[in-house]
Amino acid sequence: MKFDWKKIVTGATTAILGASVAASVLLPAQEALAQEETLIISAAGHYDYVIENIEEFEAEHGVTVEVWDTDMFEVLDGLALDGPAGTGADVVIAPYDRIGSLGMQGLIQPVTLNEEAGYNETDMQQVTMDGQIYGAPTVIETLVMFYNTELLDEAPTTFEELEAIGQDERFAFEGEEGRNVGFLTNWVDFYMTYGLLAGYGGYVFGEDGTNTEDIGLNNEGAIEAIEYATNWYQNTWPQGMLDVTSAQDFINQSFMDGSTAAVITGPWSANDFNNSGVPYAAAKIPTLPNGEEYQPFGGGKAWAISAFTEKTELAQEFLNWATSEEQQTVMYERLGEIPANQVAREAAAQSDSELTAAVIEVYENAIPMPNIPQMAEVWVGAESLMFDAASGTKSAEESANDAVELITQTIQQNY
């Protein structure tokens, strides 16, 4: 794997500062750490925050840190070869749904969580595989609702209110008589669909996402959810909403144009919304027609330690530093990403950011995404789950049964 060395920066001032600090203040244990070589951190997505603050860690431990801005998935995919070759990073950042599989493959090693982070069971489940903890949670994310504050006086709190918006003539879609874009969300994308299915009782794998022989995407609740979504596609939304590749762009553009009053999407859309100038606010996703909460996947990222590093102790010190309340607060202020550290998260929730408050509130009902390798087969098997039903090609039950059969067969063939 080739790295863009122009983006690799060695922590500055370490030699001079480290020498003076080590001579004066380091404890024996820290002096031992100082004998170790440079620690390499792969921090894609967090590069700006880490590089601006790593000097503190270097000074505290009397070490040098290299920070990489290389693509996160490129680094993770390269671990199997780069680790044994001695050219990989010592610490990597990884999405929660990759943590379990990386641990099972022996590419990352068990870590100790920072007790001051106060992680809850959901946080712990995101990074646990077979009873082992393979990552230190650093960021949480999930879906939220955005609404246009010039079109709606207040945030809708129920799907019945969204259905009423879907009948409002102000949001009629030009070019397709009888169609409406008042409320939009991308349910042909399984990541976006899951919160609806889970709210009706559907699930991916049983036993907290670990039992691949128990797939709940075609149970009674899941089928009811698919039927509910199908009604939106067949009776309200424009035909373009069925286009898997362009539906999300259509949704975002319609919201930014001021044609759509409310959308459910990820917090990552906020940058585009900000640049468009659309007046908006963020809120919790409305309650479903069955009275249950929308339950999307709870995602995020964690710091993990390469199984091939020879600096495990120092790497663990970095994890402790990066997940401390102080650093998690700095990260939030610099990047706007929601801290996984519960103390820093609670402080962020009290800020004036409606988007932060909405993410934290929805995350409380979010479902940890299964982090076992078999989850990869679910994305493929569920690609047409909603499309086949919404297009009328199959009934909701047929579509759900076919998707589960495909997922089951693929798992049996590959694992």
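1. Strand β4 covers residues 91–95 and strand β15 covers residues 297–306; the two run antiparallel and are joined by five bridges. Two strands count as paired if DSSP finds at least two bridges between them. Helices (H or I, at least four residues) and strands (E, at least two) are DSSP runs, numbered from the N terminus.

2. A word on what we're looking at: this is a predicted model, where local features need pLDDT of at least 70, side-chain atom pairs count only at pLDDT 80 or more, and totals for chains, interfaces and linings use all residues. Residues are numbered from 1 along each chain as its sequence is written, and side-chain values use heavy atoms, with hydrogens and water left out.

3. Back to β4: is it covered or open? Mostly covered, with five of its five residues buried. Buried means under 20% relative accessible area, exposed over 50%, and partly exposed in between (1.4 Å probe, protein chains only). V91, I93 and P95 point one way, V92 and A94 the other. In a regular strand the side chains alternate between the two faces of the sheet.

4. On to the charges. The salt bridge count comes to ten, taking a salt bridge as a side-chain nitrogen of Lys or Arg within 4 Å of a carboxyl oxygen of Asp or Glu. One of them joins E52 and R334, at 2.8 Å from N to O. E52 sits in helix α3 and R334 in helix α14, so this pair ties together parts 282 residues apart in sequence. Both ends are partly exposed: E52 has a relative accessible area of 46%, and R334 has 36%. D48 joins E52 and R334 in a network of salt bridges.

5. Two other salt bridges to look at: D168 with R170, closest N and O atoms 3.1 Å apart, and K394 with D402, at 2.8 Å. D168 is partly exposed at 24%, as are K394 at 25% and D402 at 34%.

6. Finally, the surface. E56, E60, E116, E325 and E326 form a negative patch. Patch residues have over 30% relative accessible area and no salt bridge, with like charges joined within 9 Å and nonpolar side chains (Val, Leu, Ile, Met, Phe, Trp, Tyr) within 5 Å. Helices α3 (47–61) and α14 (325–335) each supply at least two of the patch residues. E60, in helix α3, is partly exposed, with a relative accessible area of 37%.

How values were computed:
Areas by Shrake-Rupley, 256 points an atom, 1.4 Å probe, with all protein chains shown as cover. Lys, Arg positive; Asp, Glu negative; His and termini not counted. Charge placed at Lys NZ, Arg CZ, Asp CG, Glu CD.
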